[in-house]
Structure formats: C-alpha cells, structure tokens
Amino acid sequence: MAELEGKPGEVQRFAVDWMLGRLARWLRILGHDVVYGRHLRDRTLVDCARRERRLILTRDTRLLRDRNLPPHLFIASDHFRDQLRQVSAAVPVGAAPLLTRCLDCNRALDALPRERARDRVPPYVWDTAPRFLVCGGCGRVYWPATHRAHMLRELAAIGIVREERP
Ligand SMILES: [Zn+2]
C-alpha cells in the first residue's frame, strides 16, 4: 500500500449529504475521505462534519439557515460534472492518490498479495493486473483496469487534470 499512499495533506475530508451520491462516489474515486449515506441528513450530517472536522457538501438550503454551520459548500448544480467542478474550484481535489478507498464503504484499501487474489478475481484479471487491493470492511477486491482510463478521461473533461501513475 505504501507506494499508493499520498501525502496526508492531499486527501480532503468531506461529509456529503444524501442527495449527492454520485458526487460522493467520484470524490472517493479521487481518493478522498468521504462520509455519505442515507442516514447523513440534516443534523446528523452537521454533527458528523463537526465531530470529524469535515467539509460539508450539501444541496439542502435549510441547513444554510444555521448560523453556526461548520465549514460547508452549497452545491449549486444538479449535474455531477458541474458539482465536481465547483468542489474542485473550492478545494484541491486532484492531488490525492486515485482509487485508494472502497467506493462502497470509504475504507482505505489494503494491498492484497497476488496469491491471495487468485480465487477472488476472474482468471484473466489475475493474469494481467499488476496489483490488487482489498477493502477490509466489505471484502471487495480492486485492481487497475480499463475503467481507470475512462475515469481519467472523464476527470480531464471536467477539468481535473491528474498526473497518471504507472
Ligand atoms: Zn468496502
């Protein structure tokens, strides 16, 4: 895992409200620490952000009435590309290591030794993937794949330029 770990300062911490699922997922793809879920709305979202010192991303105008609202960004658009652009303009999101968190549970992934990946991925993947990562929470296995190229193209289209790592 060491080779994939970025400098800690590059990873941002977000608390994302339940209306912004696609944005939450993309921020995880980008390597950020994102709490998100159906339970995170209204006060639970605000309390979580305050407790864990996270930047709130929300489309909930009611939250804005709270004068003591912790640091937050009101997301203006319904479209995830515009949303990601807006977040990217406010905080640097392009410098964390890509795909180092589970997209389902947000846990940092661990390296999975090649031999232990054998029975857990399709044979052609085991033959061709240079390395494997696993989520210690849900057990999902990850590997660099063609969709990585697709993701990078998508990010470039949004205007988030990334240095590709080997
Ligand atoms: Zn997981």
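Colleague: Which residues of α1 are buried?

Modeller: In this predicted model, the buried residues of α1 are Leu-23, Ala-24, Trp-26, Leu-27 and Arg-28. Their cover includes β1 (13–16), β2 (33–36), β3 (55–58) and α3.

Colleague: Ile-29 is in helix α1 too. Why is Ile-29 called partly exposed?

Modeller: Let's set the count against the cut-off. Ile-29 has 19 other C-beta atoms within 10 Å. A residue is buried at 20 or more and exposed at 12 or fewer, so Ile-29, with 19, is partly exposed.

Colleague: What does Ile-29 touch, leaving aside residues up to four places away in sequence?

Modeller: Ile-29 touches Leu-98, Leu-99, Leu-103 and Met-151. Take Leu-103: 74 residues separate Ile-29 from Leu-103 in sequence, but the C-alpha to C-alpha distance is 6.8 Å. The contact itself is judged on C-beta atoms, which must lie within 7 Å.

Colleague: And what comes after α1?

Modeller: Gly-31 follows α1, and the phi of Gly-31 is positive, near 95 degrees.

Colleague: Good. Now α3: how do you know that its buried residues are on the same side?

Modeller: Helix α3 spans residues 80–90, and its buried residues are Gln-83, Leu-84 and Val-87. They cover an arc of only 95 degrees around the axis, so they sit on the same side of α3.

Colleague: What makes up the largest nonpolar core?

Modeller: That core has 24 residues, and Ala-15, Val-16, Leu-23, Ala-24, Leu-27 and Leu-57 have the most contacts inside it. At least two of its residues come from each of β1, α1, β2, α2 (42–52), β3 and α3. Helix α1 gives the largest share, four residues. As for Val-16, its contacts beyond four places in sequence are Leu-23, Ala-24, Val-34, Tyr-36 and Leu-57.

Colleague: Which residues does the second core include?

Modeller: This separate core has six residues, among them Cys-102, Leu-109, Phe-132 and Leu-133.

Colleague: Last one: why are β1 and β3 said to pair?

Modeller: Pairing needs at least two bridges, and β1 and β3 have three, in the parallel sense, so they qualify as a pair. Within β3, Leu-55 is the bridge partner of Phe-14.

Colleague: How many bridges join β3 to β4?

Modeller: Three bridges join β3 to strand β4 (residues 72–74), and the two run parallel. Here Ile-56 stands opposite His-72 in β4. With three bridges against a requirement of at least two, β3 and β4 therefore pair as well.

Conventions: Residues numbered from 1 in each chain as written. Predicted model: local features only at pLDDT ≥ 70, side-chain atom pairs only at ≥ 80, totals over all residues. Arc of directions from axis to C-beta. Contact = placed C-beta atoms within 7 Å. Core = buried A, V, L, I, M, F, W, Y, C linked by C-beta atoms within 7 Å.
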